[in-house]
Amino acid sequence: MIEMVQETSRAWGIESANLRDLGALRILERVCFPRDAWPLLDLIGVLTMPGVVRFKATGPGGRLIGFVAGDVRRTEGVAWIATIGVLPEYRGQGIGTGLLEACEANIALPVVRLCVRTDNREAIHLYERFGYQRKGEWVGYYSDGAKALVMEKYKDENSGKKGQN
């Protein structure tokens, strides 16, 4: 696991997340996903369940400014990026890229999938830069009836182009 990644050229770092981050994660979820924020029990689960890869991005004063969770399903041979979000005022600084890199680096499976709202062009662009390909849509996936784009990546040393988010 990556414990702390912080360069002197940036004002944020990435480290493992845990249950102590619950309050800040609830706020991040509500801000980043106002229509689809996870309920409290789901957040507790993603912060405590075994088999989940979880990282937070921290900013000034240790504030949680981003989060990613990967659900590793070894018996299926696939992992799902369950959630990834960066507070709006911190976007465009490579934080989403850093979180996705950290999560993928800690998933020891060859296939990674994710779902994203079909209208979230910024996120779709990030995932495509990382080598994710569009695999289909799930109709009515989100609580407001919106469709989810299902994306998939086969990990290898040549997949994905790292970019800034």
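Which residues is leucine 99 in contact with, leaving aside its neighbours within four places in sequence?

1. Leucine 99 is in contact (heavy atoms within 4.5 Å) with Ile14, Phe55, Lys56, Ala57, Gly66, Phe67, Val68, Ile84, Gly85 and Val86, once neighbours within four places in sequence are left aside. A word on the basis: this is a predicted model, where local features need pLDDT of at least 70, side-chain atom pairs count only at pLDDT 80 or more, and totals for chains, interfaces and linings use all residues. Residues are numbered from 1 along each chain as its sequence is written, and side-chain values use heavy atoms, without hydrogens and water.

2. Leu99 also belongs to the largest nonpolar core, which has 44 residues. Such a core is a set of buried (under 20% relative accessible area, 1.4 Å probe, protein chains only) Ala, Val, Leu, Ile, Met, Phe, Trp, Tyr and Cys residues joined through side-chain atoms within 4.5 Å. With Leu99, the residues with the most contacts inside this core are Ile81, Ile107, Tyr127 and Tyr132. Strand S3 (residues 64-73; strands are DSSP E runs of at least two residues) gives the most to this core, 6 residues.

3. Now to the helices (DSSP H or I runs of at least four residues, numbered from the N terminus). Leu22, Leu25, Arg26 and Glu29 in H1 meet Leu40, Leu43, Ile44, Val46 and Leu47 in H2. By class, this contact has 7 nonpolar, no polar and 2 charged residues.

Key:
Buried means under 20% relative accessible area, exposed over 50%, partly exposed in between (1.4 Å probe, protein chains only). Ala, Val, Leu, Ile, Met, Phe, Trp, Tyr, Cys and Pro count as nonpolar, Asp, Glu, Lys and Arg as charged, and the others, Gly among them, as polar.
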